[in-house]
Amino acid sequence: MGLWKLFVVALMPVVKVLLITAVGVFLAIERVDILGMAARKHLNNLVFYVLNPALVGSNLAKFITVKSLVMLWFMPLSVLITFIAGSALGWLLIKITRAPNRLRGLILGCCAAGNLGNMPLIIIPAVCEEKDSPFGDANICNMHGLAYATLSMAIGSIYMWLYVYNVVRIYSSTASDETKADAIPEGLESAREITPGPKLFLKEPSINEGVENFEMDRAVSKGKAKVPFPENIKQGFQKVVDKLNLKRVLSPSINGAIVGFIVGTIPPFRKALIGGSAPLHVLEDSAYSVGESAITITTLIVGSNLLKGFRGSKVPISVIVGIMAVRYIFLPILGVGVVKFAVHLGAVSSDPLYKFVLLLQFALPPAINIGTMTQLFGSGEAEFSVIMLWTYASASVSVTLWSAFFMWLIK
C-alpha cells in the first residue's frame, strides 16, 4: 500500500469525527437550539445508561469467544499499560504546567484513555479492504480485525469507566466544592459580628454531670470491646465497600461488558443468542442496533459542547500541547518498545494484523466518552471540547504517519 493511500485510509475516520462534530456545533447554536443544555443532559443520560452498555455488550457477545480470549490474552495487559503510562505522563504534565485543579481530572483522563472504540473499528476494516493491504485476504483480515478491534474497545471501556470515570468524578467534585467556597458572600463574617440580639452563655457542667458522663463513656467503651471478632471483620468490610461505592464503580458499561463476556464465552448462551440460526438472535441484533448509535450521538454532544468552549473556555496552550505530546509522541514510542519486547518473549503471535492493532492502541487521540463524563458531572465540558478539537485535528497527520510506520515495522 502506497503512502498516499495509507494517508487517505487513516484520514477518513478522523474526518468523519470532525464532520459529525461540526454538525453538533451547528445544532447547538442559538438560532437552531436543538442541542441545548437540557437536550445534551438527556442525551448524555441516554448514552451512559443505554447506548454505551449496548455497544460494549453486543460487540463482545458477537465477536469474543473462549478461544479468542486465550489467543489474545496480551491485549488486556497492553491496554492497561497505555492507561498506566498515560496516567503517569499526565501527572508529570500537571506538575510541569501547574494546571488548575478543575483541569487535572480532564488531563489525566485525556492522557490515559485513547479512542479505542470507533477509531479502530473504522481504520482496521478500511485497511483490510485496500487492494495492497499487507494483511492478506480481505475477508479473513476483516473478520479477525473486527474481533481485535471489538476486544480492544471492550477492554478500553472497562478501564475507562472503572478508572477514568472515577478520576473525573473526584476532581469534578473537588472543583465544585472550591467553587462553592469561593461563592460565600464577603460580608457574611461581618454580618455575624454586627448581628444584634442577646448573647447566650453556655452553662458550665457540674461535677455530678461530669461523673455521669464519664460512667456513660466507660459503658459505651465496654460495649464496643465486647463486639465479637467476626463482627469486627464484617464491619470493616462494610466500611471498605461503602468507601469504594460499588454502585459508581460498576457503571452501566461495566455491567454491559460483563453480560457480553458471559454470552460470548458460555456455549449455551452463545448458541441461543448469537448467529442467524440462534433462536433468540433477535435480542442480540436489537442490542447491536441500539449500540451502533452511541458513537455518533456522543460525537454530536462533544460538538455541541465545543460551541461553549469557543465562547469562554480557558485551557492553557501548554496543557493542549502537552496532551498531544503524550498521545502522539511518548505513548507511541513506548508502544513500539512494549510490543517488540512482547514478541521477543513469545507473548504475542506472529499475526501482523494483531501486532498492528496493539501498536495502534498507543497512538490514538483521547477517548470521546470523556466528554460524556464531563457532561454528567457538569464540569469541564467546554475545556474538553477545545482539547478534542486540537487533538483530533492533529490526529489526521499523527495517526496516518504512525500507521505507516507500524505497517513498515511489522513486515
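E383 forms a salt bridge with R102, with 2.9 Å between the closest N and O atoms. A salt bridge is here a side-chain nitrogen of Lys or Arg within 4 Å of a carboxyl oxygen of Asp or Glu, and by this rule the count comes to 1 salt bridge. E383 lies in helix α18 (residues 381-410) and R102 in helix α5 (residues 101-112), so the pair ties together parts that are 281 residues apart in sequence. At 13% relative accessibility E383 counts as buried, whereas R102, at 35%, is partly exposed. Buried denotes under 20% relative accessible area, exposed over 50%, and partly exposed the range in between (1.4 Å probe, protein chains only).

The model is predicted: local features need pLDDT of at least 70, side-chain atom pairs count only at pLDDT 80 or more, and totals for chains, interfaces and linings use all residues. Residues are numbered from 1 along each chain as its sequence is written, and side-chain values use heavy atoms, with hydrogens and water left out.

**Overall architecture**

The protein has 18 helices and 0 strands; helices (H or I, at least four residues) and strands (E, at least two) are DSSP runs, numbered from the N terminus. Of its 411 residues, 46% are buried. Among contacts between residues at least 6 apart in sequence, 86% join residues at least 24 apart, a contact being heavy atoms within 4.5 Å. The accessible surface comes to about 21,800 Å², and carbon and sulfur atoms account for 67% of this area. Accessible areas come from the Shrake-Rupley method with a 1.4 Å probe; for residues, only the protein chains shown count as cover.

**Interior**

In soluble globular proteins, nonpolar side chains tend to be buried together. The largest nonpolar core in this model contains 85 residues, of which M75, F83 and I107 touch the most other members. Such a core is a set of buried Ala, Val, Leu, Ile, Met, Phe, Trp, Tyr and Cys residues joined through side-chain atoms within 4.5 Å. Helix α7 gives the most to this core, with 13 residues.

Leaving aside neighbours within four places in sequence, M75 is in contact with Y148, L151, S152, I155, Y354, V357, L358 and Q361. N44, in helix α2 (residues 37-63), is buried at 1% relative accessible area. Not counting residues up to four places away in sequence, N44 touches I301, G371, T372, Q375 and L376. G90 belongs to helix α4 (residues 74-97) and is buried, with a relative accessible area of 0%. With the same exclusion of residues up to four places away, G90 touches I107, L108 and C111. G90 and L106 are 16 residues apart in sequence, and their C-alpha atoms are 9.6 Å apart in space.

**Cysteines**

The structure holds 1 disulfide, defined as a pair of cysteine sulfur atoms within 2.5 Å. This disulfide joins C128 to C141, with an S to S distance of 1.9 Å. The pair links distant parts of the chain, 13 residues apart: C128 in helix α6 (residues 118-129) and C141 in helix α7 (residues 138-182). The torsion about the S-S bond of C128 and C141 is about -60°, so the disulfide is left-handed. Both C128 and C141 are buried.

C110 is in no disulfide, the nearest cysteine sulfur being that of C111, 6.9 Å away. For C111, this distance of 6.9 Å to the closest cysteine sulfur is too far for a bond. C110 is buried at 0% relative accessible area, and C111 is likewise buried at 0%.

**Loops and surface**

| Residue | Phi | Location |
|---|---|---|
| D33 | about 55° | loop between α1 (3-28) and α2 |
| R98 | about 55° | loop between α4 and α5 |

R98 is exposed, with a relative accessible area of 73%.

A nonpolar surface patch of about 400 Å² is made by L250, I258, I262, I266 and F269. Patches consist of residues with over 30% relative accessible area and no salt bridge, like charges being joined within 9 Å and nonpolar side chains (Val, Leu, Ile, Met, Phe, Trp, Tyr) within 5 Å.
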